[in-house]
Amino acid sequence: MLNLDQKVLKLLNKEQFLSGQKMADQLGVSRTAVWKSIQNLKRDGYKVESVTNKGYMLTRSSDKLTETLLSSMISQSDLFTDIIYRESVDSTQKVAFQYISEKQQPFIVVSNEQTGGRGRFNREWLSPKSSGLYMSAVLKPDIELNEIIKFNLFISLAIARAIEKSFNLQTGIKWPNDIYINDKKVCGFLTEVLSENNMIQSIICGIGINLYETQSVKEINNATSIESELRKNDRMVIEMELFLNHLVKEIEHYYELFLSTPFSTIKDDWVSKSIIFGRGMRISEMNRSYMGKPVDITDDGFLVVTDEAGEIHKIISADIEF
Ligand code: BTN
């Protein structure tokens with residue numbers, strides 16, 4: 001159910017002015033209520049032009065992450081039915097786990113700040129206020145546990161494509177869970193599952209994207225942000241609405257493909273975006289660490305690596321460093 005701010009946002013047309021009275025009539029509220037909603041939208045970062053006798057026109061969507069924006073995005077989604085937005089949380093993964101049994105359908109948790117953000121291998125994921133997208137998407141597929149490897153491959157392509165479509169920036173995938181721009185990490189994701197008897201009950205996919213160039217991004221070795229990559233091309237504005245819409249649409253698209261097709265369907269696409277093939281790197285598996293070069297990925301998602309002695313390894317989970 002949309003609130004008044006979201007309904008006003010839906011009515012505001014980028015192409016033409018709409019009078020406050022017309023909006024009030026359509027929504028069955030007073031002109032003052034419409035005016036108040038427009039002030040709220042402006043506070044949320046939307047640019048709304050107002051001209052006497054003509055009305056209001058949306059000139060630019062918000063560059064801020066707001067509940068209004070998120071709800072209107074979810075209202076257009078065919079997959080996600082609900083969104084939980086918080087100003088600050090420990091970790092969106094934790095909040096997602098708390099709501100899992102209550103919600104039978106896929107949902108999203110987003111926060112403007114995380115005080116205990118976690119990455120893979122329980123590493124810290126710095127999540128300062130208003131600086132990044134911190135989101136956990138909960139999906140409820142009816143599939144076997146071992147399919148989760150395939151999920152990561154599909155979701156990495158979804159995120160990479162969403163960043164490209166929204167910002168016109170070239171992205172690369174660093175197996176298994178990172179998205180890079182210009183050889184620097186801009187996004188990491190973390191896939192956790194709840195399962196029973198080898199069947200997945202829920203996938204909780206936590207996505208962290210560095211949107212703005214904060215001190216923490218600067219301090220992390222080999223990290224970048226969307227903002228600093230846009231600046232290189234003299235572009236400044238992160239159109240949050242556009243980005244979130246692309247992100248949700250791409251997740252929907254690749255999730256559907258994941259459920260219905262084998263990895264081979266997207267393998268060529270995935271390989272063409274991968275930035276690891278033929279490069280020497282340190283590969284750290286559970287019990288061993290060695291230098292090697294990824295040379296291929298199998299149809300069932302195993303990474304094929306040759307080590308310095310020419311031995312071939314097929315790996316399913318590891319940490320790799322250039
Ligand atoms: C990694 O690169 O190691 C994965 C990072 C995942 C970070 C995201 S931010 C949203 C969600 N909440 C968390 O605590 N972690 C994930």
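A pocket here is an open set of points on a 1 Å grid over the protein atoms alone, with protein on both sides within 12 Å along at least five of seven lines, and its lining residues have an atom within 4 Å of a point. I note that this is a predicted model, in which local features need pLDDT of at least 70 and side-chain atom pairs count only at pLDDT 80 or more, while totals for chains, interfaces and linings use all residues. Residues are numbered from 1 along each chain as its sequence is written, and side-chain values use heavy atoms, with hydrogens and water left out.

I then listed the shell: 19 residues surround the ligand, and the closest are Ser91, Gln114, Arg118, Arg120 and Lys185, a residue being counted if one of its heavy atoms lies within 4 Å. By class I find 5 nonpolar, 10 polar and 4 charged residues in this shell, with Gly placed among the polar ones.

For polar contacts (N or O pairs within 3.5 Å), I read 2.6 Å between a polar side-chain atom of Lys185 and a ligand oxygen. The side chain of Gln114 places a polar atom 2.8 Å from a ligand nitrogen, and a side-chain N or O atom of Ser91 is 2.8 Å from a ligand oxygen. The ligand taken alone exposes 420 Å², of which the protein buries 98%, by the Shrake-Rupley method with a 1.4 Å probe.

I checked the UniProt record next, an unreviewed entry, which lists Gln114, Arg118, Gly119, Arg120 and Lys185 under "binding site"; such annotations may be inferred rather than shown by experiment. Gln114, Arg118, Gly119, Arg120 and Lys185 from this set are taken in by the lining of the largest pocket.

Last, I looked at the backbone, recalling that most residues other than glycine have a negative phi, and most peptide bonds are trans. Trp175 and Pro176 are joined by a cis peptide bond, with omega about 0°. Asn198, although not a glycine, has a positive phi of about 70°.

Definitions and conventions
A polar contact is a pair of N or O atoms within 3.5 Å; within protein, one must be able to donate a hydrogen and the other to accept it, and residues adjacent in sequence count only if both atoms are side-chain atoms. On a 1 Å grid over the protein atoms alone, a cavity is a set of points where a 1.4 Å probe fits but cannot get out, and a pocket is an open set with protein on both sides within 12 Å along at least five of seven lines; lining residues have an atom within 4 Å of a point.
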